[in-house]
Amino acid sequence: MPASLGERVQLFFRLHPAAFAAIMAAVMLAINLAMQPQFGPTQQLAAFAPMALAAMATAAAVVGGGIDLSISAQMTFSSILLVGYLTPAGLGGYIAIPILLAAGAILGTLNGLLAVVLRLPPIVASLASMFILTGINLRMAPTPVILFDGWVLNLARQVWFIPGALLTVGLPLILWSVFVRSAFGRNLYAVGGNDATAFSAGVNVGLIRVTSYAIGGVIAAIGGIALTALVSSADASTSSAYVIGAITAIALGGIIITGGRGGLLGAVAGAAVIFLVQNMLTLFNVSQVWLNLVFGALLLFAVITGSIMAAPRKEKKQ
């Protein structure tokens, strides 16, 4: 019997996990453009980049079957390291990029080792890491540190004719598209889908999972650079600013929280929905206090919708 319209819609969203968030983002963008004639794309992209990168960094570990709640704190650590330490030491130029990426990879790897080697529940391990990093950030920068000049500030404007935020968001997307087409990418999805089956097939589950955390740490370091460009400073109070938004974004983007499905494109689409909703609430002068309520409602909506979309098709009785 031919599939009904509802079943065809369900199949479409199951085959294209990012499509639902992309459609929502397009609608929200149209509303924002209608309400804001001065909607400057370069400025908006710069404001959007930290949320998008936080979502992508979180998604990297989630796809492999883990989760890293310390991404926001890692971003802040990267920002403080750049503004408060590397720049005063004369290392604030382009040489800072490999240093920050290496620091991000180390932080992500440590989180992965806590979950894989010590077999701590990923939520517990990364939550502990978040609190530890938040304390370190406050110790490193008790008050906000201002960045007066440097190449980082260009990322909030333009690099040549390209909006700087497109570079910070686009680079991880390009690298991810290469990863998922490699043997590593196939193994990552296999581990996230069913680690026992992947192990029996000869996949080094521990190595793959730790590497996914390290990739998330590298993306978080790029997020720290984008955050610095946006606010022209490093502020320890942002250590937990993107936790709820990032989790909500990946759920909206069709990434199953237990792993094995979705990708960074969905995370970016979900982050766009979060960012545009936040923009609209600001236009209506809604208090920031209500943002967490909105994020919670969106997360619940995303999880329920995702469950419906991922539900197997029921066979009709003859």
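Helix 5 passes helix 10 in a right-handed crossing, a term that applies when the near helix is turned clockwise from the far one by less than a right angle, the anticlockwise case being left-handed. The model is predicted, so that local features need pLDDT of at least 70 and side-chain atom pairs count only at pLDDT 80 or more, while totals for chains, interfaces and linings use all residues. Residues are numbered from 1 along each chain as its sequence is written, and side-chain values use heavy atoms, with hydrogens and water left out.

**Packing of helix 5 and helix 10**

- Helix 5 spans residues 96-116, and its axis lies 7 Å from that of helix 10 at an angle of about 145°.
- Axes are lines fitted to C-alpha atoms, for helices over the stretch in contact, and angles run from 0 to 180 degrees between N-to-C directions.
- Helices (H or I, at least four residues) and strands (E, at least two) are DSSP runs, numbered from the N terminus.
- Helix 5 contributes residues including Leu 100, Gly 104, Gly 108 and Val 116 to the contact, and helix 10 contributes residues including Arg 209, Tyr 213, Gly 217 and Ile 225; contact means heavy atoms within 4.5 Å.
- The contact residues comprise 13 nonpolar, seven polar and one charged.
- In this division Ala, Val, Leu, Ile, Met, Phe, Trp, Tyr, Cys and Pro count as nonpolar, Asp, Glu, Lys and Arg as charged, and the others, Gly among them, as polar.

**Salt bridge**

- The structure holds one salt bridge, defined as a side-chain nitrogen of Lys or Arg within 4 Å of a carboxyl oxygen of Asp or Glu.
- It joins the side chains of Arg 209 and Asp 195, at 3.5 Å from N to O.
- The partners are 14 residues apart and link distant parts of the chain, Arg 209 being in helix 10 (residues 205-231) and Asp 195 in helix 9 (residues 195-200).
- Arg 209 counts as buried because its relative accessibility is 15%, whereas Asp 195, at 34%, counts as partly exposed.
- Buried means under 20% relative accessible area, exposed over 50%, and partly exposed in between (1.4 Å probe, protein chains only).

**Loop residues**

- Trp 160, although not a glycine, has a positive phi of about 60°; Trp 160 sits in the loop between strand 2 (158-159) and strand 3 (162-163) and is exposed at 74% relative accessibility.
- Ser 232 also has a positive phi, near 55°, and belongs to the loop between helix 10 and strand 4 (233-234).
- Ser 232 is partly exposed, with 27% relative accessibility.
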